[in-house]
Amino acid sequence: MPEHFTMTIGGESVAAPATFGVVDPATGEVAEQAPDASRDQLDAAMAAARDAFPAWRADEPARRKALLAAADVLFARSEEIGRIITLEQGKPLADATMEVVAGGVWLKYYAELELPPEVIQDDASARVEVVRRPMGVVAAITPWNYPLLLGMWKIAPALLAGNTMVLKPSPYTPLSSLKVGEVLRDVLPPGVLNVVTGGDELGAWMTAHPVPRKISFTGSVETGKRVASAAAPDLKRVTLELGGNDAAIVLDDADPAAIAEKLFGAAFMNNGQVCSAIKRVYAPESLYGDVVEALAARARSVKVGNGMEEGVQYGPINNRPQYERVSELVADAIAGGARAAAGGRPIDGPGYFFEPTILADIADGVRIVDEEQFGPALPVIRYGSLDEALARANGTSFGLSGSVWSADADRAAEVAGRLECGTAWVNTHLALAPHQPFGGFKWSGVGVENGPWGLHGFTELQVLHRAKA
Ligand code: NAD
């Protein structure tokens with residue numbers, strides 16, 4: 001029996017004049033309907049957020065209390081909301097439930113984070129403080145890979161800072177955000193968090209709307225550039241969390257058997273649909289065959305299937321265009337001479353399933369190495385000298401994150417320091433946490449999320465200067 005999902009505007013449940021179908025990627029069939037917001041409804045959501053702002057910004061203890069209560073709701077309803085994520089996104093239920101729990105962890109972290117003023121002068125002539133002030137209404141736009149958690153990366157700091165919000169999830173995964181709006185209706189004052197759904201056009205209306213002072217966007221580089229240019233005429237502040245093409249460099253003293261599980265895990269987490277997943281591995285000539293074989297053995301052993309089924313480790317690709325893109329990139333690589341050491345093809349049957357794929361005998365210049373594949377296919381590339389590997393890892397417009405793998409952590413850290421990216425990991429990858437800032441160099445983003453730095457992105461800096469003499 002389909003559930004009735006509605007938007008949240010001014011604390012009320014709101015249906016739209018029209019709906020659009022949400023596809024279960026495990027079947028390829030429409031499973032639910034989501035509201036397709038009208039322009040007037042977006043105006044109403046923006047007005048509700050604007051009207052809620054003065055009272056919300058004025059009461060910091062109430063904000064902290066409400067965010068803690070919101071965290072508790074997510075913890076208590078994690079499996080119920082997790083099922084919605086699995087239905088619309090495809091990931092296994094255990095991972096989907098963990099995503100909801102992580103959303104609660106982020107809310108709790110920010111509910112408890114202090115934001116003290118900095119006193120930069122206090123003498124006979126003046127007391128000068130640097131204070132953080134909220135901006136007003138935040139327009140938040142999210143992608144389909146972690147539909148709930150990436151929303152929480154915005155909601156938690158933006159609301160704690162005293163802003164109010166209009167959130168728009170991806171049209172591929174609108175349901176979990178609609179559910180979040182619904183379950184928080186009794187927890188947050190009306191208008192503090194509004195959730196609207198619709199197509200890409202709704203995102204464009206939001207970025208051009210006169211009310212928001214800030215746009216917080218997570219998605220592709222291409223859309224991020226559109227968002228930045230839409231924000232420019234009104235000088236809206238923007239934070240952009242965009243794509244990545246993370247390189248993992250294996251040093252010649254690493255043990256392929258010991259690192260393969262972690263490498264594979266960080267490349268295939270969420271079926272490779274992670275902005276900062278490992279998207280290319282550089283292995284030295286001496287270890288090349290062993291690295292390829294250790295990764296291929298794992299790829300052959302994992303269980304792919306419907307995320308609702310017990311024991312499934314990897315679900316389908318989230319949507320048809322992405323499934324076709326991954327299929328095309330892998331076919332292009334194989335046609336160009338790459339060898340599929342594991343996988344290499346779509347899985348027959350309904351749904352957007354693709355074999356976990358390891359591509360060997362491949363080099364820079366092939367599309368799947370140079371572009372962001374965002375799916376379950378990983379190229380492994382040979383290198384001669386370390387300088388050459390670093391030049392190739394850095395020879396891209398992306399700069400989200402990267403990692404270096406070695407038996408000697410100090411040596412690896414020195415190499416990691418030469419990576420041009422926002423996070424450089426040593427003997428791990430994808431280790432993310434609420435207190436750790438996350439963002440990209442170059443085209444991978446503008447600004448950061450998480451930690452106090454992420455909170456600062458939802459504030460304006462004010463100097464409070466009191467003359468004494
Ligand atoms: P996308 O750019 O297609 O869509 C992201 C969001 O933008 C969706 O909600 C979409 O409806 C909306 N949108 C589309 N056109 C718009 C416009 N003109 N104006 C405003 N909003 C618009 O991205 P996607 O395919 O949903 O997500 C995959 C991409 O997201 C990958 O490139 C991935 O690397 C990136 N990503 C980055 C991070 C990060 O934190 N850096 C995290 C997850 C995903």
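Q: How far is an oxygen atom of the ligand from an N or O atom in the side chain of serine 220?
A: This is a predicted model, and here the distance is 2.6 Å. To read a polar contact, look for a pair of N or O atoms within 3.5 Å. Glutamate 372 gives you another: one of its polar side-chain atoms sits 2.6 Å from a ligand oxygen.

Q: How much of the ligand's accessible area does the protein cover?
A: On its own the ligand has 850 Å² of accessible area, and the protein covers 90% of that. The space the ligand takes up is the largest pocket.

Q: Which residues come nearest to the ligand?
A: There are 28 residues around it, and Thr142, Asp200, Ser220, Leu242 and Glu372 come nearest. Sort that shell by class and you get 14 nonpolar, ten polar and four charged residues.

Q: Which helix or strand gives the most to the shell?
A: That's α7, with three residues. At least two residues each come from α7 (200-208), β10 (214-218) and α8 (221-231). Now zoom out to domains: domain 1 (7-241) and domain 2 (246-434) each supply at least three shell residues.

Definitions and conventions:
Residues numbered from 1 in each chain as written. Predicted model: local features only at pLDDT ≥ 70, side-chain atom pairs only at ≥ 80, totals over all residues. Heavy atoms only, no water. Near = heavy atom within 4 Å. Polar contact = N/O pair within 3.5 Å; in protein donor to acceptor, adjacent residues only side chain to side chain. Areas by Shrake-Rupley, 256 points an atom, 1.4 Å probe, with all protein chains shown as cover. 1 Å grid on protein atoms, 1.4 Å probe; cavity = no way out; pocket = protein on both sides within 12 Å on 5 of 7 lines; lining within 4 Å. Sits in = over half its atoms within 2 Å of the grid points. Helix = DSSP H or I, 4+ residues; strand = E, 2+ residues; numbered from the N terminus. Nonpolar A, V, L, I, M, F, W, Y, C, P; charged D, E, K, R; others polar. Domains from an automatic or database assignment.
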